[in-house]
Amino acid sequence: MRTLISWASFLSGNLPICAILLVSVMFKYFSAEKVLIPLIFAGCYTVICLIFTGIFLYTLNNTIKQLEMKNGGTYGRIQNIKIQNIFSSGTMTYYILPFISFAAGDDLLKNEIILFILILILGKLYVQERMIIYTPILGLVGYIVLAGRLLDPSHKELGETLLLIKNPNQLVLGPREEYDIIYKRVSDYAIMGIIDLHYQNEP
């Protein structure tokens, strides 16, 4: 299941690329050029990315809902929080390379085959490295990634972590801020959670 969600995360990040490809092929198609097969391929790519984006976002939103209902999850605290920039040059490579594959040439079918091969290779690496939170689609739907120090309810330190959270308007960031959270682990280095306002204490 985690592998499926990781693939869904990766493909959701490629949705804008597939949409741009589809639009560019449609322009050529309606200008009377014979690009029916590339149009079908571009349409299939886009539909697949849409389906996996839906799966990914449904899973995240359902997890948030379950945590809000206190159905599962782990109680803890997070401190010394700051916004984490997840789009380093290395991360963006996973999305820039597929874009270059079809933006650099005029042979649409050839570019789409290259795009497909790149998506398979980069997707495999993305899943292998468990980069589930490294997708630009999260920012578009109200999620943000924070870095902080995770503690258990007894204040025992559990180490540094990345926290994926939705609509964090109530958060004040800073080294002295500390919040009670309910969370679920989504990878070795990242958790997804909500602030538990009923149990929030002053640091």
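Tutor: Helices and strands are taken here as DSSP runs, numbered from the N terminus. The model under discussion is predicted.

Student: In which pattern do these elements follow one another along the protein chain?

Tutor: Read along the sequence, the order is α-α-α-β-α-α-α-β-β-β-β. In total, the protein chain has six helices and five strands.

Student: Is the crossing of α3 and α5 left-handed or right-handed?

Tutor: The crossing of these two helices is left-handed.

Student: Which residues of α3 and α5 meet?

Tutor: A contact requires heavy atoms within 4.5 Å. From α3 come Ile 37, Pro 38, Phe 41, Ala 42 and Tyr 45, and they meet Leu 108, Leu 109, Glu 112, Ile 113, Leu 115 and Phe 116 of α5. By class, this contact comprises ten nonpolar residues, no polar residues and one charged residue.

Student: What share of the contacts with a separation of 6 or more joins residues 24 or more positions apart?

Tutor: In the protein chain, such pairs account for 74% of those contacts.

Student: How much of the chain is buried, and what is its accessible surface?

Tutor: Of the 203 residues, 43% are buried. The accessible surface comes to about 11,100 Å², and carbon and sulfur atoms contribute 62% of that area.

Conventions:
Residues are numbered from 1 along each chain as its sequence is written. This is a predicted model: local features need pLDDT of at least 70, side-chain atom pairs count only at pLDDT 80 or more; totals for chains, interfaces and linings use all residues. Side-chain values use heavy atoms; hydrogens and water are left out. A crossing is left-handed if the near helix is turned anticlockwise from the far one by less than a right angle, and right-handed if clockwise. Helices (H or I, at least four residues) and strands (E, at least two) are DSSP runs, numbered from the N terminus. Ala, Val, Leu, Ile, Met, Phe, Trp, Tyr, Cys and Pro count as nonpolar, Asp, Glu, Lys and Arg as charged, and the others, Gly among them, as polar. Buried means under 20% relative accessible area, exposed over 50%, partly exposed in between (1.4 Å probe, protein chains only). Accessible areas come from the Shrake-Rupley method with a 1.4 Å probe; for residues, only the protein chains shown count as cover.
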